[in-house]
Amino acid sequence: MIHKAYKFRIFPNKTQEIQIAKTIGCSRFVFNHFLETWNTTYRETGKGMSYHACSKQLPALKQERPWLKDVDSIAVQTSVRHLADSFQRFFKKQTEAPRFKSKKNPVQSYTTKHTNGNIAVVGNRIK
């Protein structure tokens with residue numbers, strides 16, 4: 001099995017721009033929320049959290065903040081995965097400690113996966 005990754009430049013319409021901005025904002029919020037939770041837990045107990053501990057808290061967070069349900073759930077889960085990976089690299093002394101994500105950063109992105117046909121390349125267009 002060969003895994004492929006594609007990087008596209010897109011030209012979304014206005015409603016698509018809004019949905020992309022919401023997804024990026026929600027991914028950033030979830031990353032920052034769990035980073036704060038992780039830091040607090042580390043200060044109190046001396047141990048960090050795992051990806052599974054954070055992902056178990058994600059449905060409760062979605063109940064508290066229903067606007068998180070409006071975006072791609074895989075993008076939100078991936079932001080938690082990125083946080084866990086960055087902490088693993090930090091504890092292996094490969095990188096600096098993870099920092100909070102800022103809305104002012106000029107590079108804004110999110111990651112999603114191809115599941116159940118949610119992404120399709122039709123000709124020269126992405127569906």
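This is a predicted model: local features need pLDDT of at least 70, side-chain atom pairs count only at pLDDT 80 or more; totals for chains, interfaces and linings use all residues.

Visitor: What makes a stretch a helix or a strand here?

Guide: Both are DSSP runs, numbered from the N terminus: a helix is H or I over at least four residues, a strand is E over at least two. This chain has three helices and two strands. From the N terminus they run α-α-α-β-β.

Visitor: Why is Lys62 called buried?

Guide: Buried means under 20% relative accessible area, exposed means over 50%, and partly exposed lies in between (1.4 Å probe, protein chains only). Lys62 has 16%, so Lys62 is buried. Lys62 is found in helix 2. Its C-alpha is 9.9 Å from that of Val30, a residue 32 places away along the chain.

Visitor: Which residues touch Lys62, leaving aside its neighbours within four places in sequence?

Guide: Contact means heavy atoms within 4.5 Å. Lys62 is in contact with Leu68, Lys69 and Ser73.

Visitor: Which parts of the chain do the buried residues of helix 1 pack against?

Guide: They pack against helix 2 and helix 3. Among these buried residues are Ile24, Val30, Phe31, Leu35 and Trp38. Helix 3 has its own buried residues, including Ile74, Val80, Leu83 and Phe87. Their cover includes helix 1 and helix 2. Over the whole chain, buried residues make up 24% of the 127 residues.

Visitor: What makes Glu17 and Lys14 a salt bridge?

Guide: The rule asks for a side-chain nitrogen of Lys or Arg within 4 Å of a carboxyl oxygen of Asp or Glu. Glu17 and Lys14 meet at 3.7 Å, N to O, so the pair passes. Both lie in helix 1, three residues apart, about one turn of the helix. Glu17 has 37% relative accessibility, so Glu17 is partly exposed. Lys14 has 60%, so Lys14 is exposed.

Visitor: How many salt bridges does the rule give in total?

Guide: Two. The side chains of Arg65 and Glu64 also meet in one, at 3.2 Å, N to O. Arg65 is at 28%, so Arg65 counts as partly exposed. Glu64 is at 56%, so Glu64 counts as exposed.

Visitor: Why does Arg28 have no salt bridge?

Guide: Compare its distance with the cut-off. Lys and Arg count as positive, Asp and Glu as negative; His and the chain ends are not counted. The nearest side chain of opposite charge to Arg28 is Glu36, 14 Å away. The rule needs 4 Å, so Arg28 has none. Arg28 is buried and is found in helix 1. Beyond its neighbours within four places in sequence, Arg28 is in contact with Lys101, Ser102, Lys103 and Gln108.

Visitor: What makes the phi of Lys93 worth a remark?

Guide: Most residues other than glycine have a negative phi. Lys93 has a positive phi near 60° and is not a glycine. Lys93 sits in the loop between helix 3 and strand 1. At 75% relative accessibility, Lys93 counts as exposed.

Visitor: Which residues does the "Transposase putative helix-turn-helix" annotation cover?

Guide: The unreviewed UniProt entry places that domain at residues 1-47. Its positions follow the numbering used here, feature names are shortened, and annotations may be inferred rather than shown by experiment. In the model, residues 1-47 are 68% helix and 0% strand.

Definitions and conventions
Residues are numbered from 1 along each chain as its sequence is written. Side-chain values use heavy atoms; hydrogens and water are left out.
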